[in-house]
Amino acid sequence: MLVSAMTRTNDKARVIDHYDRISPYYRALWGEHIHHGYWIRGDESKDTAQIQMIEHLVEAAAIKPHARILDVGCGFGGSSIYLARKYGVEATGITISPLQVEMANKTAEQAGVSASFLCMDAESMHFDQSFDVLWSVESISHYQDVPGFFVKAAKVLKPGGTLAITDWFKQESLHPRDHKKFLRPIEDGMMVELHTMRDYERYLEAAGFAVSRSEVLNQHTAKSWEIGLNIIKDKALWELAASYGPEFIRFLRAFRAIRSGFLSGIFVNGLLVAAKSA
């Protein structure tokens, strides 16, 4: 897909096309969960660290067994299926990618858990039921109207319901020159627009949430990109990228930009927990 100078980096058509093309390769290369790992000791495997990330968010948000959870930007459904299996939650996942919906529903059926998945744009989501928890892991930076999304989130949560998210952010008070030099390659390659954590806190407060936890995760998650850089050394992956054209090549090149962003602190991996007003 060609990208014009006027196209936003998180253009929805780009995002859908990317995930529909690449999801099977993500799964083969990155595993069941396509998000950062959370290293506690530092010597854990990638898969263990990714489970620890889920558990860290569960603990931070005080998620209770048998809760009704909406997993927004659910990917292959890894978080929903894990939470349904371990905590007996009733999970509904949404993703903008039809292929990911197909993959997630198949995996949930094989696992025999209470998790179902729908193809739905998070920015226009609507449900007749309400949820105890809105869970979103590294998805919201894909959205074009983040303040509007948080308004939608409040509408699908029960009074007193919990919003539990991790996402990609940028450093506070970053000079536009540094943003262009260091973060624009990430935004373009990963199809995101980066806000600050304080931006999200303001958007949440405006939507009627009270933020109870705000945490920078970089110290525990940076190792994800050491592993990512090793993964993209695979020559076959670059041959695949060449066959898909410049879009996928930009994506792979963004791995190195993210690693540099972690080292400098310009790129931030963060966690936020907030409660809807009761």
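Because the model is predicted, local features need pLDDT of at least 70 and side-chain atom pairs count only at pLDDT 80 or more, whereas totals for chains, interfaces and linings use all residues. Residues are numbered from 1 along each chain as its sequence is written, and side-chain values use heavy atoms, with hydrogens and water left out.

The protein chain contains 11 helices and seven strands; these are DSSP runs (helices: H or I, at least four residues; strands: E, at least two), numbered from the N terminus. Its C-alpha atoms fill a box of roughly 45 × 45 × 40 Å along the principal axes. Among contacts with a separation of 6 or more, 75% join residues 24 or more positions apart, a contact being heavy atoms within 4.5 Å.

The chain carries 31 positive and 33 negative side chains, with the centres of the two sets 3 Å apart. Lys and Arg count as positive and Asp and Glu as negative, while His and the chain ends are not counted. The place of a charge is NZ of Lys, CZ of Arg, CG of Asp or CD of Glu.

Most residues other than glycine have a negative phi. A62, which is not a glycine, has a positive phi of about 55°. A62 sits in the loop between α2 (46-61) and β1 (68-72) and is exposed, with a relative accessible area of 52%. M191 likewise has a positive phi, near 60°. M191 belongs to the loop between α6 (176-190) and α7 (197-206), but M191 is buried, with a relative accessible area of 1%.

Side chains of opposite charge can pair when their charged atoms come close. The structure holds 17 salt bridges, each a side-chain nitrogen of Lys or Arg within 4 Å of a carboxyl oxygen of Asp or Glu. One of them joins K12 and D121 at 3.2 Å, N to O. K12 lies in helix α1 (residues 12-30) and D121 in the loop between β3 (115-119) and β4 (131-137), so this pair ties together parts that are 109 residues apart in sequence. K12 is partly exposed at 26% relative accessibility, as is D121 at 21%. K12, D121 and E123 are linked in a network of salt bridges.

Another salt bridge connects K86 and E55 at 2.7 Å, N to O. K86 lies in helix α3 (residues 78-87) and E55 in helix α2, so the pair ties together parts 31 residues apart in sequence. Within helix α7, R198 and E201 are three residues apart, separated by about one helical turn, and their side chains meet at 3.2 Å, N to O. R198 is partly exposed at 30% relative accessibility, whereas E201 is buried at 15%.

Key: Buried < 20%, exposed > 50% of the residue type's maximum accessible area, 1.4 Å probe, protein only.
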